[in-house]
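My entries follow in the order in which I looked.

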Amino acid sequence: MCDYYEGGALDEITLVENTTGWERLKLHYRILAGVGTRDTSSTVLGQPVSMPIAVAPTAFHRLACDEGELATARAAKAAGTLFILSALSNTAMEAVFAEAASPRWFQLYIYKDREITLELVRRAEAAGAEAIVLTVDAPGLGTRERDTRNRFRLPDGLAVENLAPLGKGQLPEGQGSSLAAYVRENFKADIGFADLDWLCGSTRLPVVVKGVCRGDDACRAAEYGAKALVVSNHGGRQLDTAPATCEVLPHVVDAAGDLCEIYVDGGIRRGSDVLKAIALGARAVLIGRPVLWGLCVAGEPGATDVLSILRRELDEAMLLCGCTRLSDVSRWLLAP
Ligand SMILES: Cc1cc2nc3c(=O)[nH]c(=O)nc-3n(C[C@H](O)[C@H](O)[C@H](O)COP(=O)(O)O)c2cc1C
């Protein structure tokens with residue numbers, strides 16, 4: 001399980017560089033800025049959040065603790081922030097969204113079978129999801145050698161619960177990673193802009209495109225109807241040697257920042273990293289593994305702790321940088 005959560009694709013170069021990229025950026029703080037109380041609040045697609053730090057969609061939370069996604073949803077609720085539920089959760093979306101507060105979004109993969117994909121969207125709408133996050137960087141699964149070596153499987157009793165009623169709840173048996181086999185068997189490999197177009201026309205919910213690496217793609221996704229984009233390389237789990245997200249974020253912001261909201265994830269580990277992402281033009285960041293580690297250590301209170309530590313660090317970074325509000329922050333903070 002540790003390897004499944006921690007690992008990345010192939011040599012894990014992107015995995016490492018995501019984190020070191022944020023570390024290398026330096027904060028050129030202002031002095032004597034007269035900062036009193038800081039305000040970390042913001043909005044995502046018009047919905048208020050107490051801080052620009054959201055829970056990224058990650059699969060299989062019941063590997064971390066028995067309460068799984070219910071614990072994560074409650075932790076995000078306590079933190080007053082956005083929770084994005086993975087399509088590949090171990091708990092059905094209806095149960096999770098009943099525990100989650102607004103904003104609650106559903107992350108979707110496009111299945112080969114369009115009826116299955118549509119059924120997931122319909123159920124998400126009915127269960128109270130307020131946006132669909134379409135992940136576009138996984139037409140196939142990047143080779144994760146740790147999972148191949150460990151022959152990754154779900155333990156007995158755990159399933160891809162959202163897909164169970166649709167006959168796709170089990171990971172196939174066989175050589176190597178059973179998740180890789182599942183993706184090969186079920187995800188649409190030739191996903192294209194036509195699929196984004198189809199999705200935007202099939203739901204009343206706003207569509208967020210997750211997995212953007214380039215400015216030209218960002219513009220095109222916005223033209224095809226995306227209301228927001230996530231600059232992401234899936235936490236270094238898909239294409240190894242894809243650039244660190246902090247490197248590409250400014251290009252995506254310059255290309256499409258006027259067209260839609262832009263979020264970023266990958267390797268964000270400290271509140272100071274969050275402030276750097278905001279300085280580069282992100283509206284919010286998503287956090288993947290740290291929340292999973294919190295769940296592993298202590299379930300819901302562990303995830304809650306992770307989110308409050310990040311909030312505290314962001315607040316401290318704002319104080320020390322001379323920023324009262326997130327809107328005070330822009331690229332000046334990263335330049336001498
Ligand atoms: C264990 C694990 C499972 C993930 N599952 C999904 C998923 O089901 N859907 C998705 O869009 N992204 C998934 N991701 C990617 C995350 O949404 C996010 O992009 C990434 O974790 C951010 O990097 P970080 O973990 O360094 O914060 C997963 C990441 C991890 C670590």
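This is a predicted model: local features need pLDDT of at least 70, side-chain atom pairs count only at pLDDT 80 or more; totals for chains, interfaces and linings use all residues.

**Helix α3 and its neighbours**

I began with the buried residues of α3, which pack against β3 (53-55), β4 (83-85), α4 and α12 (289-321); contact here asks for C-beta atoms, placed from the backbone, within 7 Å. Helices (H or I, at least four residues) and strands (E, at least two) are DSSP runs, numbered from the N terminus. Residues are numbered from 1 along each chain as its sequence is written.

How many of the eleven residues of α3 are buried? I found nine, so that the helix, residues 69-79, is mostly covered; a residue is buried if 20 or more other C-beta atoms lie within 10 Å of its own, exposed if 12 or fewer, and partly exposed in between, with C-beta atoms placed from the backbone. The buried residues are E69, L70, A71, T72, A73, R74, A75, A76 and A79. After the helix comes G80, whose phi is positive, near 65°.

I then looked at α3 against α12, which pack at an angle of about 15° with their axes 10 Å apart. That makes α3 roughly parallel to α12, a term for angles under 35 degrees, where over 145 is roughly antiparallel, 65 to 115 roughly perpendicular and the rest oblique. Axes are lines fitted to C-alpha atoms, for helices over the stretch in contact, and angles run from 0 to 180 degrees between N-to-C directions. From α3, the residues A71, T72, R74, A75, A78 and A79 meet V291, L295, G299, E300, A303, T304, L307, S308 and R311 of α12. By class, this contact of α3 with α12 holds eight nonpolar, four polar and three charged residues; Ala, Val, Leu, Ile, Met, Phe, Trp, Tyr, Cys and Pro count as nonpolar, Asp, Glu, Lys and Arg as charged, and the others, Gly among them, as polar.

**Helices α9 and α10**

For α9 (residues 215-223) and α10 (residues 245-256) I noted an angle of about 40° and axes 8 Å apart. That makes α9 oblique to α10. In α9, the residues G215, D216, A218, C219 and A222 meet H251, V252, D254, A255 and A256 in α10. The contact of α9 with α10 divides into six nonpolar, two polar and two charged residues.

**Loops and backbone**

I found a cis peptide bond between S102 and P103, with omega about -5°, and placed P103 in the loop between α4 (93-99) and β5 (104-108).

L32 has a positive phi of about 50° although it is not a glycine, and its place is the loop between α2 (13-24) and β1 (42-44). L32 counts as exposed because it has 6 C-beta neighbours inside 10 Å.

R151, also not a glycine, has a positive phi of about 50° and lies in the loop between α6 (145-150) and α7 (178-186). With 12 C-beta neighbours inside 10 Å, R151 counts as exposed.

Key: Two residues are in contact if their C-beta atoms, placed from the backbone, lie within 7 Å.
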